[in-house]
Amino acid sequence: MPDHPEDRKGSTTYGAISSPSASNAAGSGDDAGSESGGDDDKAKVKMFASRRDKLVFLCLALNNLFVSVCFATMAPFFPSVAAAKSPGYVTPTPEIPIGNASTSAPVTPTLDTTTSTLIGMVFSVATFTDFLFSPLVGRELPSVGPKLVFLIGCTLVSGVTILFAFVDLIDDWTTFLAMCYALRMVQGIGTACMFTASFTILAGAFPKSVGTVTGSLEVFSGVGFMIGPAIGGGLYASGGFKLPFLVSGAVLCMSTVLVGLVLPPPPPRPKQEKISLLTILKQPRAWLMIPTALICASALGFLDPSLGPFLHNEFRLSPSKIGLVFLIGPGVYAVLALLSGYIGDRWSTRPLVPFGLLCTGLSYQLLGPCPLLPWQPLEARTLGSLALLGVGIAFGLVPTSPDMLVSLREAGFKDSIELHSSLGGVIGAAFSLGEGLGPSVGGLMTGAVGFAEAAAIFGAMIMSLSVIVTAGTLLGLVWMRKPAAVGAVETEPGLNVQEEAAALLDSTS
């Protein structure tokens, strides 16, 4: 059995920062043979045990919030600004006021399919870049260090966001698009660095609360994507195109400086063997959790191009009310993400994922509703199904990372920065791919068969995945011994992830 860091003179452990979650993890080897002892330790898990823990987590969480705002702030106004630069654009004629009635907002002209697709790609190119770079970042992160990778990612996102404020100065359509694509690709690289590094730092710092910290970060990210469009629209109305980008980029830049001051550099550590993407994919559980992360991320964006027209045509909702309806699913998800992570840490992640997928699939069946159901579209049912969608995403998506981490521990992998960074890169890539595919697949399916039919087909796919995950979980329980608890952490001998995470969380004197 490898010696624990607290047994070596002069080493730094979680105990040095009074973190029970880490100290229990470091000492789990002594109680490995005692099932009741493991349960008692699990019941005593405390996520934050010092002000330093809270400060570090808060800084990382706020950066997740600000990065999400940077990505979402352009949604309300960028399409119309970009359309005005397209070759076939015709300035819309404003409505003539009648009597004392005020003129409504300018009418946006109908764009051809090619122009709309090119503008839409400005939004999706960042997620596909994130998908391509996340595994690479996860593999190389241990060589560079999680703190430096995190700061590089946040700097790229904030810098590119500020530069985006000046793309409206470009009049040529081709040059404008090329610059937008280039900047968004750099943003995608920055996001891959930031999210992978933040997961690595927090998974090492809180090994017995991975689900809770992951769910907490999702709360901040969800809030950022919810308030980002409102902030962007308000700043655009107040100060024009440049102001939203300058403000959001500057706030993220200041937050990044704060994180740089709070997190001291990690100590030198011996070079260890990297964990490749193929190594992760060889684990049977990965073939259940990666599709789950992909399909849940797709479910978040599947409705983006089609839900608005459906609500307007069926229930005659105004644009402002439609905007509020769009907040239901992400809002419920943000509220329940932390609860989902806590339940997974306290008991088990295994039943949560099938339950979340089942709720997500059922919500899509009720949206239209499914043509096989003897119901007509009903506004209350539609709103309820969107709330159910938020429940399903919270309990289906959040447990994927801790579930795979437990499975890798069961397979004999020891907690290390190499393991955490590779896992974060894989899950990040799956989420980004789903996030990019969701709106595209949703738009294509709705155009081909209609909204209700497309939602029903997509919901059936999700429910089928729920059955597959359930079957895979039951087979795993039959052929394997009792799964290791989330807190049953075994670490590499020598300078390991606990010592490095403690150095990240502990202040330098």
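Thr 446 has a relative accessibility of 19% and therefore counts as buried, the cut-off being under 20%. In this predicted model, Thr 446 belongs to helix H18, which spans residues 417-449. Its side chain reaches the backbone oxygen of Gly 442 at a distance of 2.8 Å. Leaving aside residues up to four places away in sequence, Thr 446 touches Ser 306, Phe 451 and Ala 454.

Thr 470 is placed in helix H19, residues 451-479, and has a relative accessible area of 31%, so Thr 470 is partly exposed. The C-alpha atoms of Thr 470 and Leu 288 are 9.5 Å apart in space, although 182 residues separate the two in sequence. Gly 323 lies in helix H13 and, at 34% relative accessibility, also counts as partly exposed.

The protein chain contains 20 helices and 0 strands. It has 509 residues, of which 50% count as buried. When contacts between residues at least 6 apart in sequence are considered, 86% of them join residues at least 24 apart.

In soluble globular proteins, nonpolar side chains tend to be buried together. The largest nonpolar core of this model has 53 residues, and those with the most contacts inside it are Leu 303, Leu 311, Leu 357, Tyr 364 and Met 404. Helix H11, residues 286-301, supplies the largest share of this core, with 8 residues. A second core of 31 residues is separate, and Phe 71, Val 137, Val 157 and Val 213 are included in it.

Apart from residues up to four places away in sequence, Leu 357 touches Thr 292, Ile 295, Cys 296, Ile 462, Leu 465, Ser 466 and Val 469.

Two packed helices are described by the angle between their axes and the distance between the axes. The table gives both values for two helix pairs.

| Helix pair | Axes come within | Crossing angle |
|---|---|---|
| H13 (residues 319-326) and H14 (residues 328-346) | 4 Å | roughly 30° |
| H11 and H17 (residues 400-410) | 10 Å | roughly 170° |

With a crossing angle of roughly 30°, H13 and H14 are therefore roughly parallel to each other, since angles under 35 degrees count as such. Their contact brings Leu 324, Val 325 and Phe 326 of H13 together with Ile 328, Gly 329 and Pro 330 of H14. By class, this contact has 5 nonpolar residues, 1 polar residue and no charged residues.

H11 and H17 cross at roughly 170° and are therefore roughly antiparallel to each other, the cut-off being over 145 degrees. From H11, the residues Ala 286, Met 289, Ile 290, Thr 292 and Ala 293 meet Thr 400, Asp 403 and Met 404 of H17. The residues of this contact divide into 5 nonpolar, 2 polar and 1 charged.

Several residues link these descriptions. Met 404 meets H11 as part of H17 and is also among the residues with the most contacts inside the largest nonpolar core. Thr 292 takes part in the contact of H11 with H17 and is also touched by Leu 357.

Definitions and conventions
Residues numbered from 1 in each chain as written. Predicted model: local features only at pLDDT ≥ 70, side-chain atom pairs only at ≥ 80, totals over all residues. Heavy atoms only, no water. Core = buried A, V, L, I, M, F, W, Y, C linked by side-chain atoms within 4.5 Å. Buried < 20%, exposed > 50% of the residue type's maximum accessible area, 1.4 Å probe, protein only. Helix = DSSP H or I, 4+ residues; strand = E, 2+ residues; numbered from the N terminus. Contact = heavy atoms within 4.5 Å. Axes fitted to C-alpha atoms, helices over the stretch in contact; angles between N-to-C directions. Parallel < 35°, antiparallel > 145°, perpendicular 65-115°, else oblique. Nonpolar A, V, L, I, M, F, W, Y, C, P; charged D, E, K, R; others polar. Polar contact = N/O pair within 3.5 Å; in protein donor to acceptor, adjacent residues only side chain to side chain.
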